[in-house]
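Let's take a walk through this structure together, one region at a time. Have a look at it first, and then we'll start with a single residue.

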Amino acid sequence: MGKAGIALCIASQLWMATGAFAAESTLSAQNIMQQFNLVVFGSATSTSDVDGRSFIGGSVSGGTYATSNLMTSSYPGLIVKGSASNVMVNSQGTVVGGSIANSTINNGSSAIMGSSSNTSYNGAGVTYVAGTVQGGNLNQTRLTSLSQNATLQQEVATTDAMAATTMKSSLGALSSQLSKLQATGSYTVDNKNKVTFNATANTSGIAVIDLTGSNSNTLTAFKEFAFNVDKSISTLVFNVDSSNISIAANFLANS
């Protein structure tokens, strides 16, 4: 079976830049992977944590975002083009294109372009809410205009220009490119619940595991993932040919 243009890329560092990263309205696929741990083109519902930044092209319900120390960037910890509810952001604030409800922003500046209800804003930073504020705790200075804070104003301008369709096109092109890479690794089944991925880098530092055809159910069939990877690997790619993948596995050890 031929490989479709779909690739799941883990631990990408091929294009990691040093120092601060200035926000751009048009991002290359490499920049998207560098800046965001989670990219959703439509809406999302989550009960999980995301260590790094997230971009949600629609609305979002639930989840904890920007839980770890993030590299310096002009992007906020969570970007939501629609509305947000029941979310927690622990670092570098949020820009929400719609309204926000029943949420907590623990650190960083936030811009809410709709209303805010039962939401708390804590820690360092400022808050701008275009609409009404009902309930919650506003423990930061509330701006009456974005022009009062140039940094937050620039974040809003940049995120306004970001389009999910453009990001999808960029990532799709990269996925197609990665899908043509030859496999450099394999996997072994340790028991009925655990699979170990064994990977060796090619000359570019990329390791590729082919999970197409008869191997296509590997990501969904096991409850534990272990990794035996060469230290020279900068990027681990799983090439798959399934359009719907539900991963419920625990990543073991230092994965």
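Leaving aside its neighbours within four places in sequence, which residues is T94 in contact with? Counting a contact as heavy atoms within 4.5 Å, T94 meets P76, L78, V89, I105, S109, S110, A111 and I112. You'll find T94 in strand β11, residues 94–96. With 0% relative accessibility, T94 counts as buried; that word stands for under 20% relative accessible area, while exposed means over 50% and partly exposed is in between (1.4 Å probe, protein chains only).

Before going on, a word on what you're looking at. This is a predicted model, so local features need pLDDT of at least 70 and side-chain atom pairs count only at pLDDT 80 or more, whereas totals for chains, interfaces and linings use all residues. Residues are numbered from 1 along each chain as its sequence is written, and side-chain values use heavy atoms, with hydrogens and water left out.

Now step back to the whole chain. It has four helices and 25 strands; both are DSSP runs numbered from the N terminus, with helices being H or I of at least four residues and strands being E of at least two. Of its 255 residues, 41% count as buried. Among contacts with a separation of 6 or more, 46% are between residues 24 or more positions apart. The accessible surface is about 12100 Å², and carbon and sulfur atoms own 46% of that (Shrake-Rupley method, 1.4 Å probe; for residues, only the protein chains shown count as cover).

Next, find the open sheet of six strands, in the order β3-β6-β9-β12-β15-β18, with parallel pairing. Two strands pair here if DSSP finds at least two bridges between them. The edges are β3 (44–45) and β18 (133–134), each of which pairs on one side only. Inside the sheet, β12 and β15 run parallel and are joined by two bridges, with A101 opposite S117 in β15.

Two loops here are worth a stop. N102 sits in the loop between β12 (100–101) and β13 (104–105), and N118 in the loop between β15 (116–117) and β16 (120–121). What is the phi of N102? It is near 50 degrees, a positive value in a residue other than glycine. N118 also has a phi near 50 degrees. N102 counts as partly exposed because its relative accessibility is 42%, and N118 counts as partly exposed at 47%.

What about the inside? The largest nonpolar core has 19 residues, and those with the most contacts inside it are I56, V60, Y65, L78, V80, A84 and I100. Such a core is a set of buried Ala, Val, Leu, Ile, Met, Phe, Trp, Tyr and Cys residues joined through side-chain atoms within 4.5 Å. Not counting residues up to four places away in sequence, A84 touches V60, V96, S99, I100 and A101. Apart from this core lies another, of 16 residues, including L174, L178, I206 and V208.

Aromatic rings come next: the structure holds eight aromatic pairs. Rings of Phe, Tyr and Trp (its six-membered ring) pair if their centres lie within 6.5 Å, and planes under 30 degrees apart count as stacked, over 60 as edge-to-face and the rest as tilted. F36 and F55 make an edge-to-face pair, 6.4 Å centre to centre with 70 degrees between the planes. F36 lies in β2 (residues 36–40) and F55 in β5 (residues 53–56), so the pair ties together parts that are 19 residues apart in sequence. Both F36 and F55 are buried.

Finally, move along to β20 (residues 186–189) and β21 (residues 194–199), an antiparallel pair with four bridges. A hairpin of four residues joins β20 to β21, and S186 has N198 in β21 as its bridge partner. On to β23 (residues 224–229): it runs parallel to β21, with six bridges joining the two, and F197 is bridged to F227 in β23. F197 and F227 also belong to one aromatic cluster with Y187, F225, F238 and F251.

The structure holds one salt bridge, meaning a side-chain nitrogen of Lys or Arg within 4 Å of a carboxyl oxygen of Asp or Glu. D190 and K194 form it, with their closest N and O atoms 3.6 Å apart. D190 is partly exposed at 41% relative accessibility, and K194 is partly exposed at 23%.
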